[in-house]
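Here are a few friendly notes to read alongside the model. Take them one at a time, with the structure open beside you.

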Amino acid sequence: MKTIKITSDNGYLNLTDLPSNCIFNKVITGCGGTTIALFNNENYVIAVPTTELITNKTALLEGGLATITSPEGKEQKVFGLFGSFSYALKKELKEYLASSGIKKIMCTYDKIDALTKLLDSVNYRLLVDEYHVLLKAYSYRSRAINGVLSNFRSYKSYCFLSATPIDADFKPSVLEGVEEYRADWGNNVDTLFVKLEQTNKPYLKAAHIIEAYKKDGYVTVNGDMKSTEAFFFINSVTDIAAILSHCNLKDDEVKIVCADTEANRKKLAGYTISNSRAASKKFTFITSKSFEGADYYSEDALCYVVSNSSNKNTLLDISTDIY
């Protein structure tokens with residue numbers, strides 16, 4: 001494995017481009033790996049595991065063209081390819097591909113196969129973002145993932161990116177021999193503190209945390225730091241609804257990020273299903289729709305990861321999901 005020395009005083013990679021034809025362990029989440037591909041001067045296809053990640057980066061709620069702005073103020077047109085690949089969307093994509101300027105296309109894994117047939121892939125770099133999902137989701141998304149693995153070598157270059165890469169023992173055989181890089185941040189790495197609390201009533205515990213926030217408007221951490229916002233990561237809409245009901249939370253107090261389906265709307269009757277870009281609320285509930293790669297911003301929020309051993313949907317891998 002090779003290392004890439006990162007010189008950074010702001011927590012970002014600060015590279016002009018990602019390394020080519022490799023698996024890149026960026027080590028730190030939220031360090032701007034996707035942002036490099038979105039704003040540099042290379043044509044890029046950025047393949048991601050969820051539609052929410054595209055919404056998070058582009059504000060698009062359906063496929064099409066968006067203009068995004070970098071932290072430095074640079075504007076870039078990005079085409080989001082997700083959901084139904086309709087005739088109208090395909091026409092819009094072809095017009096974008098035929099236009100002048102640097103091209104950036106964000107698509108979900110399942111669209112790579114069709115997209116590769118529409119563009120001249122040798123003129124595009126490919127970023128496979130949140131690479132560890134290829135293994136985690138293979139059992140139920142094999143067709144989408146096979147589309148990625150059967151097309152990546154046709155691009156000008158490729159980079160499989162993750163802060164929590166797949167262990168060498170489980171790496172897909174098609175990636176055998178692919179160079180691996182690891183970011184070396186020196187001493188510029190914040191320590192992630194995880195406090196484990198075991199209880200036979202995890203949702204009641206979550207309710208007590210919410211009640212503490214409501215009582216004083218905040219909770220105190222380590223005796224001095226105040227947190228006024230709480231983010232609950234829990235992969236069960238049914239259980240989120242139960243917590244909301246138990247705590248008598250109002251719609252204007254909560255932000256719920258989950259799949260906007262008829263079944264979920266029924267479970268969450270009286271509450272708005274939102275997305276990661278929506279305005280912050282005091283209590284944010286996030287399902288696996290937005291576990292991977294989406295950015296959230298808060299000055300003092302605490303993250304509460306809720307797992308229930310009797311509900312396998314809520315069980316999380318501490319080496320990947322928790323980070």
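1. Two terms come up at once. Two strands pair if DSSP finds at least two bridges between them. Strands (E, at least two residues) and helices (H or I, at least four) are DSSP runs, numbered from the N terminus. This is a predicted model: local features need pLDDT of at least 70, side-chain atom pairs count only at pLDDT 80 or more, and totals for chains, interfaces and linings use all residues. Residues are numbered from 1 along each chain as its sequence is written, and side-chain values use heavy atoms, leaving out hydrogens and water.

2. Nine strands make up an open sheet with mixed pairing, in the order 1-9-2-8-7-3-6-5-4. Strand 1 (2-5) and strand 4 (64-69) stand at the edges; each has a single partner strand, so one side of each is left without a neighbour in the sheet. On average, neighbouring strands of this sheet are turned by 25° against each other, direction ignored. (Axes are lines fitted to C-alpha atoms, for helices over the stretch in contact, and angles run from 0 to 180 degrees between N-to-C directions.)

3. How do strand 4 and strand 5 pair? They run in the antiparallel sense, over six bridges. Gly-64 stands opposite Gly-80 in strand 5.

4. Now for the helices. Helix 2 (residues 51-58) packs on the sheet and touches strand 3 (44-48), strand 4, strand 5 and strand 6 (104-108), where contact means heavy atoms within 4.5 Å. The direction of helix 2 makes about 150° with that of strand 6. Helix 3 (residues 87-98) lies across strand 4, strand 5 and strand 6, at about 145° to strand 5.

5. A search of the whole structure finds 14 salt bridges, each a side-chain nitrogen of Lys or Arg within 4 Å of a carboxyl oxygen of Asp or Glu. In one of them, Lys-289 meets Glu-52, with the closest N and O atoms 3.6 Å apart. Lys-289 lies in the loop between strand 15 (283-286) and strand 16 (302-305) and Glu-52 in helix 2, so the pair ties together parts that are 237 residues apart in sequence.

6. Is Glu-52 buried or exposed? Glu-52 is buried, at 2% relative accessibility, while Lys-289 is partly exposed at 22%. (Buried means under 20% relative accessible area, exposed over 50%, partly exposed in between, with a 1.4 Å probe and protein chains only.)

7. Ser-236 is buried, with a relative accessible area of 8%. Leaving aside neighbours within four places in sequence, Ser-236 is in contact with Asn-311 and Thr-314.
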